[in-house]
Amino acid sequence: MHNRRIVGLAAMCLPLWSVAPAWGQEGADLYRANCAACHDAGLERAPSREAFEAMAPERILDAMEKGTMISMALTMSHEQRRTLAEYLAGEPLSAALSTEPPASAMCRERGARLVLDGPRWMGFGPDTRNQRFQTADAAGLTAADVPRLAVKWAFGFPGDDRVNMQAAIVGDRVFIGSFGGYVYSLDAQTGCIHWYYDADASVRSGLTVAEIEHVSGRRLALFFGDQRGYAHALDAATGERLWSVLVDDFPVARVTGTPAFHEGRLYVPVASNEEGAAAVATYECCRFRGSLVALDAATGRQVWKTYTVPEPKPTKKNAVGAQLWGPSGAPIWSSPAIDPVRNAVYVTTGNNYSDPATELSDAFVAMDLDTGRILWSRQMTENDAWTAACRMVDDKTNCAEANGPDFDFGASPMLVDLGNDRRALVAGQKSGVVHALDPDREGAILWQRRIGRGGSMGGVQWGTATDGVNVYAALSDVVRIPVPFAWATEADPNEGGGMFALRLSDGEQVWYTPPGKCGDRPRCSPAQPGAVAAIPGVVFSGSMDGHVRAYSTENGKILWDFDTVRDFQTVNGVPARGGSLDGPGITIGAGLVLVNSGYPNGGGIPGNVLIAFSPDGR
């Protein structure tokens, strides 16, 4: 998927992250043989060569050995991977990258007590229904305050070129992971660092906080997943590791969606980067199986694991003689929704990777909270088997016969109350359609509304919001155009984007606000793929053009517009600049609007800053 948005390579193809002047013939040869097919061709989410300039060689090497590029780098030795990292970065690995925060960035009262009292946004949404709506009291600001929002503080991520993870707010703390593999606990009012933790792998998921009965006593635990397929639990007050477990041992498995906590269990969605690996014709596509894993939140012990596809079996040989496997795929990119009424957990799934296509891909799936047994499913797009090979210019060897259309779900399902004892599950799809299903009648369709044409990078990418009256959906619909005299492609600066309000009861369009314009800004798209967030009277949406905008929920009028593509003075002293806004999106609470800026994938603008806004910057 996208969700793939995923992802550096993430979505498809190797995502090395750095740029480079020539660093030797060997490095150039390695790049041409292993990387150029994706990165020079602008393949899906693969960053262009220009995007590499913001990265340190250590980051690139980590991506090849611990992160999203593992499958693409398997045929290279450690020495070759080092050479390639130095070539792309244009500097030797011996050049130290300082990730140690300076003493001036640390909070003076580092032992301050942390409690769950007060405002919170500590999952994909403020609660496990995924509605991405914050009440006025918890938000700490009103619609009248929004036009006065100004930068309160900014935090820079050293060596990174993206901030594609979502912050959490718990009382007076802000928690966020980084592409570089660190998790930070920040003071909500000043941005100083209470503690930081090295996860040893890129952190893409959001973070969840909950009380658990640990063997050492009652703890406030901070949960998240990483790009190696691990789930982690830390002491939220101190950053001490409580446990870390591998939820899937497939080589390119990853946790992209925010884990959900409910009654002592952690529900962890599992996705992978295998559809990117399949761009290489000799790769034996494909054997990954999407899943949802339930863990004992106190210990990390697996309680159950439910796969979305059966065990893959050998099918046929491809054109170059590589063994093909199937079925495969149906990853879960997004955060689950919890339904205590039905004792169910709901997920949305991605596309298959190889033939044959299955019934649980591109679907809503309900599972029993206690056992993981599948209660019901509702598929929204049939026969959707797709890999990055389907986008290759000259070698589609590992493209499934179904060949897409790559209309998987990256957006989490929202569980909402319609009144009169009626409820709905709502999610937008990359097809450009927003769906509402009845969770009390095995997913019967209540309504469907098309808001865009959809596509591999189109439709609703990351998530919607609701205030109980309307569903608010931002449209991606990125269009890619070829670069003259080159294989590369860029996002069309004139296509995509737009903000929609749909009536929750029946899906009818209430209003539509057109996207902004890129003008002459490079690497710009008006697309709005990131998840949106709302408070009473206002809905916020970020754009690939670098702007974050606030819209009136009454009529769609833009109440506030801030361009994040600029340099920021950061509280931790790291040089930082904003870029495209994409991915899990904005969080709101304790008088703050937190915006993660920087997303070079798919033609976006690099950046490495978390921005905290408050009324008048106070």
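A cavity is a set of points on a 1 Å grid over the protein atoms alone where a 1.4 Å probe fits but cannot get out. Grid points are joined across faces, edges and corners, and a volume is the space filled by probe spheres set on the points. This is a predicted model: local features need pLDDT of at least 70, side-chain atom pairs count only at pLDDT 80 or more, and totals for chains, interfaces and linings use all residues. Residues are numbered from 1 along each chain as its sequence is written, and side-chain values use heavy atoms, with hydrogens and water left out.

**View 1. The largest cavity.** Two cavities of 30 Å³ or more occur in the structure. The largest has a volume of about 60 Å³. Its lining, meaning residues with an atom within 4 Å of a point, comprises 14 residues. Phe124, Thr256, Gly257, Thr258 and Trp462 lie nearest the centre.

View 2. Asn130 sits in the loop between strand E2 (120–121) and helix H6 (136–139). Helices (H or I, at least four residues) and strands (E, at least two) are DSSP runs, numbered from the N terminus. Asn130 has 2% relative accessibility, so it counts as buried (under 20% relative accessible area, 1.4 Å probe, protein chains only). A polar atom of the Asn130 side chain lies 3.2 Å from the backbone oxygen of Ser335. The side chain also reaches the backbone oxygen of Pro336, at 3.1 Å. Contacts of Asn130 (heavy atoms within 4.5 Å), leaving aside neighbours within four places in sequence, include Phe124, Gly125, Ser412 and Thr464.

**View 3. The E8–E9 hairpin.** Strands E8 and E9 form a hairpin with two residues between them. E9 covers residues 217–225, and its pairing with E8 is antiparallel, over seven bridges. Two strands pair if DSSP finds at least two bridges between them. Glu213 stands opposite Arg218 in E9. Five of the seven residues of E8 (residues 208–214) are buried, so this strand is largely enclosed by the rest of the structure.

**View 4. The nonpolar cores.** A nonpolar core is a set of buried Ala, Val, Leu, Ile, Met, Phe, Trp, Tyr and Cys residues joined through side-chain atoms within 4.5 Å. The largest has 46 residues; Val174, Phe540, Ile588 and Leu610 touch the most other members. Strand E41 (residues 609–615) gives the most to this core, with five residues. A second, separate core of 31 residues includes Ala253, Val268, Tyr283 and Ala297.

**View 5. Val174 close up.** Not counting residues up to four places away in sequence, Val174 touches Trp153, Tyr184, Leu592 and Leu610, among others.

Methods. Buried < 20%, exposed > 50% of the residue type's maximum accessible area, 1.4 Å probe, protein only. Polar contact = N/O pair within 3.5 Å; in protein donor to acceptor, adjacent residues only side chain to side chain. 1 Å grid on protein atoms, 1.4 Å probe; cavity = no way out; pocket = protein on both sides within 12 Å on 5 of 7 lines; lining within 4 Å.
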